[in-house]
Amino acid sequence: LTRKWEGVLTGKGYGWGGSLIRPEATGFGQVYFLREMLAFKGDSIEGKKCAVSGSGNVAQFCAKKVISCGGKVITMSDSSGYIFDKDGIDEEKLAWIMDLKNNKRGRIKEYASKYSSAVYHEGKRPWSEKCDIALPSATQNEIEEKGAKNLVKNGCMAVCEGANMPTSPAAYEILNKAGIMFGPAKAANAGGVAVSALEMSQNAAFDEWTEEQVDSKLDQIMTGIHKQCADAAEEYGQKGDLVVGANIAGFLKVANAMMDQGVV
């Protein structure tokens with residue numbers, strides 16, 4: 001492929017269209033939303049043990065952003081099982097995983113053969129590991145009741161969704177009852193859609209923004225989404241409940257648009 005045609009097909013923003021940061025957007029946005037969740041409680045990602053599920057696009061860039069924020073990624077997974085690294089997955093190890101999954105199409109269990117600090121758990125999900133933050137970034141309903149109970153038992157303080165609806169309704173009830181902070185996918189994984197809109201803006205203007213420009217705008221968007229959710233929850237008497245806040249904020253945006261346009 002020529003460089004220009006590669007830009008068209010991969011969305012890397014070269015020549016004819018696309019946008020830089022588009023592949024990273026969902027995972028980065030997930031962590032920006034998490035950062036705001038913790039900041040709302042006067043806390044930060046720095047020093048927190050983070051259990052990440054998945055090892056695909058969202059999980060990879062979620063892990064990358066967690067590392068850059070000073071968090072410690074201790075797990076990643078695929079459909080066969082998960083690895084736990086007691087020393088943490090740093091930038092070098094993450095680069096190895098990205099090469100394994102993106103180029104060699106290997107399985108995550110190979111990580112345990114490469115790094116002696118890691119243990120592979122076949123056929124299991126990472127929610128039994130003791131962590132401060134859970135970042136489900138793989139698939140729907142991957143946190144079920146058993147996983148939620150383990151997260152509560154092990155002192156998890158926050159769950160922020162990167163995959164689409166990765167927490168089952170029953171699991172969410174357990175987490176909510178325990179007072180664990182919860183970032184719902186409908187808000188927390190909006191980064192990909194957000195950068196798709198930024199991509200359209202660049203294409204319409206025949207413009208190309210730098211990685212720093214797109215990342216900064218993504219950060220602003222995710223910060224704004226969290227604020228909308230938090231403000232709506234507080235206004236309607238459910239301060240801190242981002243699920244309620246996301247539902248109300250989303251409903252109001254659609255309802256107000258319909259009224260402004262005379263639909264109702």
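In what order do the 7 strands of the open sheet lie?

**View 1. The open sheet of 7 strands in the predicted model.** From one strand to the next, the twist averages 15°.

**View 2. Strand β3 and its neighbour β2.** Strand β2 (residues 72-78) and β3 run antiparallel and are joined by 4 bridges, while a hairpin connects β2 to β3 through 2 residues. Among the bridge partners is the pair formed by Ser 77 and Tyr 82, the latter lying in β3.

**View 3. Strand β3 and its neighbour β4.** The pairing of β3 with strand β4 (residues 118-122) is also antiparallel, and extends over 5 bridges.

**View 4. The burial of strand β3.** Of the 5 residues of β3 (residues 81-85), 4 are buried, and the strand is therefore largely enclosed by the rest of the structure.

**View 5. The crossing of helices α2 and α10.** Two packed helices are described by the angle between their axes and the distance between the axes. For helix α2 (residues 25-40) and helix α10 (residues 211-235), the axes come within 9 Å and cross at roughly 45°, and the two helices are therefore oblique to each other. Their crossing is right-handed.

**View 6. The residues in contact between α2 and α10.** On the side of α2, the contact is made by Ala 25, Phe 28, Gly 29, Tyr 32, Phe 33, Arg 35, Glu 36, Met 37 and Phe 40. On the side of α10, the contributing residues are Asp 215, Leu 218, Asp 219, Met 222, Thr 223, Ile 225, His 226 and Ala 230. Sorted by class, this contact of α2 with α10 has 10 nonpolar, 3 polar and 4 charged residues.

Terms used: Residues numbered from 1 in each chain as written. Predicted model: local features only at pLDDT ≥ 70, side-chain atom pairs only at ≥ 80, totals over all residues. Heavy atoms only, no water. Buried < 20%, exposed > 50% of the residue type's maximum accessible area, 1.4 Å probe, protein only. Pairing = 2+ DSSP bridges. Axes fitted to C-alpha atoms, helices over the stretch in contact; angles between N-to-C directions. Parallel < 35°, antiparallel > 145°, perpendicular 65-115°, else oblique. Left-handed = near helix turned anticlockwise from the far one by under 90°. Contact = heavy atoms within 4.5 Å. Nonpolar A, V, L, I, M, F, W, Y, C, P; charged D, E, K, R; others polar.
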